[in-house]
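Visitor: I am new to this structure and would like to be taken through it. Could we look at it together?

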Amino acid sequence: MTVIGPVTLHWTLRHIGGGWSLWSGTDSDTEASISMPADVAWRVWTKGMKRDEARARMEIRGDETLAAPLTSFVAIMA
C-alpha cells in the first residue's frame, strides 16, 4: 500500500503463519497493490469520508477485494 502526500509512505501487509504482519516498504510479489492520496487515507480512517468516495479515489492493481478492509476501519480515535 502506498499513501501519497507531502511524504509518500509504503507498507506491505503479509499473511504469515496464520497471522498478518505489517512491514515497511514494498514487495514486488503481491496479490494487490493499493495507492491513495494522504488526504483520502486520513479522512476515511477518521470517518470523515464515505467508503464509496474513498474507493473512487484509490488506485488498485490486482485483487480488488483485498482493498475493501482499507475503507471500513477506523485507525485514529480521539
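This is a predicted model: local features need pLDDT of at least 70, side-chain atom pairs count only at pLDDT 80 or more; totals for chains, interfaces and linings use all residues.

Visitor: Where is alanine 41 found, and what is it in contact with?

Guide: Alanine 41 is found in helix α1. Leaving aside neighbours within four places in sequence, alanine 41 is in contact with Val3 and Met36; contact means heavy atoms within 4.5 Å. Its C-alpha atom is separated by 9.9 Å from that of arginine 57, which is 16 residues apart from it along the chain.

Visitor: Which residues does valine 40 touch?

Guide: Valine 40 is also found in helix α1, residues 38-45. Not counting residues up to four places away in sequence, valine 40 touches Met49, Ala54 and Arg57. Valine 40 is buried, with a relative accessible area of 0%. Glycine 18 is 22 residues apart from valine 40 along the chain, and 30 Å separates their C-alpha atoms.

Visitor: Let us step back. How many helices and strands are there in the chain?

Guide: The protein chain has two helices and five strands. Helices (H or I, at least four residues) and strands (E, at least two) are DSSP runs, numbered from the N terminus. The order from the N terminus on is β-β-β-β-α-α-β. The radius of gyration of the protein chain is 12 Å, close to the 12 Å that the globule rule gives for 78 residues, so the chain is as compact as a globular protein of that length. That radius is taken over C-alpha atoms, and the globule rule is 2.2 Å times the number of residues to the power 0.38.

Visitor: And what box do the C-alpha atoms fill?

Guide: Taken along the principal axes, the box is roughly 35 × 25 × 25 Å. Of the 78 residues, 23% count as buried. Among contacts between residues at least 6 apart in sequence, 46% join residues at least 24 apart.

Visitor: Changing topic, what is the volume of the largest pocket?

Guide: The volume of the largest pocket is about 810 Å³. On a 1 Å grid over the protein atoms alone, a pocket is an open set of points where a 1.4 Å probe fits, with protein on both sides within 12 Å along at least five of seven lines, and lining residues have an atom within 4 Å of a point. Grid points are joined across faces, edges and corners, and a volume is the space filled by probe spheres set on the points.

Visitor: Which residues lie nearest its centre?

Guide: Of the 23 residues lining the largest pocket, Met1, Thr12, Leu13, Arg14 and Ala32 lie nearest its centre. Strand β2 gives the largest share of the lining, five residues. Each of β2 (9-16), β3 (19-24) and β4 (32-37) supplies at least two residues.

Visitor: Tell me about alanine 32, then. Which residues does it touch?

Guide: Alanine 32 touches Arg61, Gly62, Asp63 and Leu66, not counting residues up to four places away in sequence. Alanine 32 has its place in strand β4 and counts as buried, at 18% relative accessibility.

Visitor: Where does aspartate 63 lie?

Guide: Aspartate 63 lies in the segment after β5 (59-62). Aspartate 63 is partly exposed, with a relative accessible area of 32%. Leaving aside neighbours within four places in sequence, aspartate 63 is in contact with Glu31 and Ala32.

Methods:
Residues are numbered from 1 along each chain as its sequence is written. Side-chain values use heavy atoms; hydrogens and water are left out. Buried means under 20% relative accessible area, exposed over 50%, partly exposed in between (1.4 Å probe, protein chains only).
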